[in-house]
Amino acid sequence: MAPTGRHPGLPEHPSAPTDAVWRSAAPHLARRRFLTVAAAATALAFGTGLPARGAMAAPRLDAARITEDPFTLGVASGDPLPDSVVLWTRLAPTPYEPDGGLGQQRITVEWELAADEFFAIVVRTGTAVAYPEYAHSVHVDVQGLDPDTHYHYRFRTGTWISPAGRTRTAPAQGAAAPRVRLAAVACQAYFDGFYTAHRHLAQEDVDLVFHLGDYLYEYPVDSSAGERGYAAGTLPDVFDRETMTLADYRMRYALYKSDPDLRACHAAHPFVVAWDDHETENNYANSVPENDVPPEQFLLRRAAAYRAYWENQPLRAAQLPQGPDARLYRRLRWGTLAQFDVLDTRQYRSDQAYGDRPSVPGPESDDPARTLTGAAQERWLIDGWAASDALWKVMPQQVCFSQRKFDENEPAKLSMDAWDGYRASRDRVVAGAKAAGVANWLVLTGDVHVGYAFDIKDDFEDPQSRTLGTELTSTSVTSGKDGAEKPPNWETFMRVNPHLRFYDGRRGYVRVELGRTLARADFRTVSAVTTPGAPVTTAASFVTEVGDPGLKPA
């Protein structure tokens, strides 16, 4: 069993990062950021803390000397391809400390992949190095695997063995896969409640979980963990402040990943992750922060947030940030059944119009030069549709794609943060879908803390216009606390948005099965998250048929 896996390529660098180093990069970045993005990345290169080699490398820690369980943050897998999948863990014997309790030493970690849950039939083994510069995270891109196959995996360092995870590969390219089952989740503010939805999702029979953003929130978490109501003093004061630095973001991920229900869900299913805003800062747009701070200061914060995100997710080396920039949008396939075009609607967008307040669209928001995706990502998306033979074109992304009127006025106010605030950008994407002949289009959305089901219309102002596809919005895991089946604006929203077929304000997730003749969506909800243990129920189910877009009750 020869080792068959890759740890991300690790360029040389003379020293490990500190928050002081990141701050010192700011003035240099300020002078060069606005020349080119490449210049910005170069300006930040000395501050990104890439692992050093040779005489300058971090000293190696004998793993036998680790006296506490280093696998407190669990294991995860993600981004399955027909012949490979990413395995992840992060060593942290004391996860609420900036260095996880391991200092600035590198540690050798063994991994193994088996065909069975008892690890009697081990098919791949290897070693990876957990570098302090990457917060002792490990990303193994295991290759040479069989397509459409389930595997079990685990890690070992010293005398410690991690929990086991279960993962799988995608069907072979060109394979006529009969179906794929997936779930979509989003928005899991730790302080708003318990991860009951994750506990239930861990038990679901799905092939993939798409996390559509707001994996963590930058806001302070008090010692009682907000709505979780821990005993006073349970959490250390280090969490009771907004995340600003690399150390802040790393420890906030440690807090979130210490939750047993989230760990169980990661161990049960491969994840495909994408960020929204709160992984960095609320409603930022490209290099424009929410608050009035110097751009160089925000870009250093964004660099720290993006770096910590990669360190704590099952992502490949291709997604490793370069300073404040990272290529997170990417494409996965499920044989000829489905193509998943995972978007990033934060990093490249134009600033929100009209002060980011709900507004009637006007010249500012409808400027054709405005973009939600950036020009390169937009071309990548549309060109990918044109070249694809997949039956279902699935677009996992962050903010509401369909029109969503807020009131009964004419014209009505719309969200300036969603695609409604970038209507020219949406029109170009819709035109691209039509030109590419996309017949079975499914948009997956997070962000808004409610469950929606939309028919995507050719003209949202004309209910009789052609239906082009379906948008399913996953409610939040916890954000917004318990929620309600019918929020106060339910009747208004349903009346003024005739293409809105379903609206539920409780917590949960959406489960989808794509087949050769139809897709089925089940909106799974829990009655409460401010107290643990609520059961999960199906609030509504819909189908949309191949070649006949439009939602029908199941």
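Here is a short walk through some helices and strands of this structure. The model is predicted, so local features need pLDDT of at least 70 and side-chain atom pairs count only at pLDDT 80 or more, while totals for chains, interfaces and linings use all residues. Residues are numbered from 1 along each chain as its sequence is written, and side-chain values use heavy atoms, with hydrogens and water left out.

Let's start with strand E6, residues 137–142, where six of the six residues are buried. Buried here means under 20% relative accessible area, with exposed over 50% and partly exposed in between, using a 1.4 Å probe and protein chains only. Helices (H or I, at least four residues) and strands (E, at least two) are DSSP runs, numbered from the N terminus. In a regular strand the side chains alternate between the two faces of the sheet. In E6, Ser-137, His-139 and Asp-141 point one way, Val-138, Val-140 and Val-142 point the other, and all of them are buried. The partner is strand E3 (residues 85–90), which runs antiparallel to E6 and is joined to it by six bridges; two strands pair if DSSP finds at least two bridges between them. Across this pairing, Leu-87 stands opposite Val-140.

Next, look at Glu-112 in strand E4, residues 107–114. Its relative accessibility is 15%, so Glu-112 counts as buried. The Glu-112 side chain makes a polar contact with the side chain of Arg-154 at 2.4 Å. A polar contact is a pair of N or O atoms within 3.5 Å; within protein, one must be able to donate a hydrogen and the other to accept it, and residues adjacent in sequence count only if both atoms are side-chain atoms. Leaving aside residues up to four places away in sequence, Glu-112 touches several others, including Phe-119, Val-122, His-152 and Tyr-153; contact means heavy atoms within 4.5 Å.

Now for helix H4, residues 246–257. H4 is largely enclosed by the rest of the structure, because 12 of its 12 residues are buried. One of them, Ala-247, counts as buried at 19% relative accessibility.

Finally, helix H8 (residues 423–435) has 13 residues and reaches 18 Å from first C-alpha to last, close to the 18 Å expected. Its buried residues include Val-429 and Val-430, and the buried residues of H8 pack against helix H7 (375–386) and strands E16 (441–445) and E18 (467–473). After H8 comes Gly-437, with a positive phi near 70°.

Key. Expected span 1.5 Å × (residues − 1).
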